[in-house]
Amino acid sequence: SGPSIKLSSGYDIPLIGLGTWQSKPEEVVNAVHSALEAGYRHIDCAWGYGNEKDVGEGIRKSGVPRSEIFITSKLWSTYHRRVEECLDQSLTNLGVDYLDLYLIHWPVPLNQNGNHPMIPTLPDGTRDVDKEWKLSDTWKQLEALVAKGKIRSIGVSNFSEYNLEKILPTATIVPAVNQLELHVFNPQHKLLAYLKSKNIIPQAYSPLGSTGSPLLKDEDIVSISEKHSLSAADVLLGYLLAKQIVILPKSVTPARIVANFKGAQEALSKLTPEDVAKLDGLAAAGKQKRFITPPWPVYLGFEDWPQPYP
Ligand code: A2P
């Protein structure tokens, strides 16, 4: 089932999980089934991905017992005032009675009565942010759901240090993880050092650089991969594992799902400290790039996107 690390909650999390964002419902059943057959024991989901019913079907098809699988879901942004309602929908759709990990998907509550179930906008075209709502009150609801036994561990996603400081002073449970866009071109060194100081485990989404990734063709990455007879994807994944980052590569292609699971571990054993140092420096050397940009203000405090909250 691959390597794992311990969360501050006391539970182990497998370091390799299958990403399911942008996986079409008709493809993700087979993707999840293939992943569990290949040895994955960790599936990363979200209410907002709109495919949790199909993920649940893939889990049941695999025949792997629920107790052996680490399942994550995320609170959608229009549900910050009604956390349990969103969680219950995910539990029902996935067909499970608890989650291993539940995350606040974005540090930006959106108006629950907006004109779009996922991304409400105002008549002037700006996003309908629920500015009256405090993130610390969202966090309190997640803590209560742990006490109720519906969730084992809780965490956040897309939170900068600025966002984390909004919930930490009143938190009785420190977030176990912070799931971020993390890869060789967006290494977030400063934020990772901060997370380490708080014992918050980083999780990498888009570890390969997302759809149509230029990282897979980057000459520095390819040269390291050729030296070790690995693929570029292997190197990108092994690099993150070497830094004790949980990786969530997305694929709906069975051959890639298998290759990513094996290749990440092979790369972890082959990459040298010099390779890791070289990859660590590529962003600062001019290759810094973020691929995921949400249509609402969120990045205050991120090194590469320091614009203020409106
Ligand atoms: P697909 O799902 O069609 O197999 P990320 O995890 O960074 O978001 O990247 C996901 C994208 O990378 C998807 O488009 C996925 O395509 C593709 N992908 C996943 N694994 C590999 C791989 N080993 N080699 C090349 N492309 C891959």
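Visitor: What makes strand E5 (residues 70-75) count as largely enclosed by the rest of the structure?

Guide: Keep in mind that this is a predicted model. A residue is called buried once 20 or more other C-beta atoms lie within 10 Å of its own. In E5, six of the six residues pass that test, so the strand is largely enclosed.

Visitor: How do you know that E5 pairs with E4 and with E6?

Guide: Pairing takes at least two bridges between the strands. Strand E4 (residues 42-44) has three with E5, in the parallel sense, and His42 sits opposite Phe70. Strand E6 (residues 99-104) has four with E5, again parallel, and there Thr72 faces Leu101. Both counts meet the cut-off, so both pairs stand.

Visitor: What makes the β-α-β units here right-handed?

Guide: Look with the strands pointing away from you: a clockwise path from the first strand over the helix to the second is right-handed. The path from E4 over helix H2 (residues 52-62) to E5 gets that label, and the one from E5 over helix H3 (residues 83-94) to E6 does too.

Visitor: Zooming out, how many helices and strands does the chain have, and why is it called as compact as a globular protein of its length?

Guide: It has eleven helices and ten strands. Its radius of gyration is 19 Å, and the globule rule gives 19 Å for 310 residues, so the chain is as compact as a globular protein of that length.

Visitor: And which element gives the most to the shell around the ligand?

Guide: Helix H9 (residues 254-270), with three residues. In total, 17 residues surround the ligand, with Ser206 and Thr253 among the closest.

Technical notes:
Residues are numbered from 1 along each chain as its sequence is written. This is a predicted model: local features need pLDDT of at least 70, side-chain atom pairs count only at pLDDT 80 or more; totals for chains, interfaces and linings use all residues. Helices (H or I, at least four residues) and strands (E, at least two) are DSSP runs, numbered from the N terminus. The radius of gyration is taken over C-alpha atoms; the globule rule is 2.2 Å times the number of residues to the power 0.38. A residue is near a molecule or strand if its C-beta atom, placed from the backbone, lies within 6 Å of it. A residue is buried if 20 or more other C-beta atoms lie within 10 Å of its own, exposed if 12 or fewer, and partly exposed in between; C-beta atoms are placed from the backbone.
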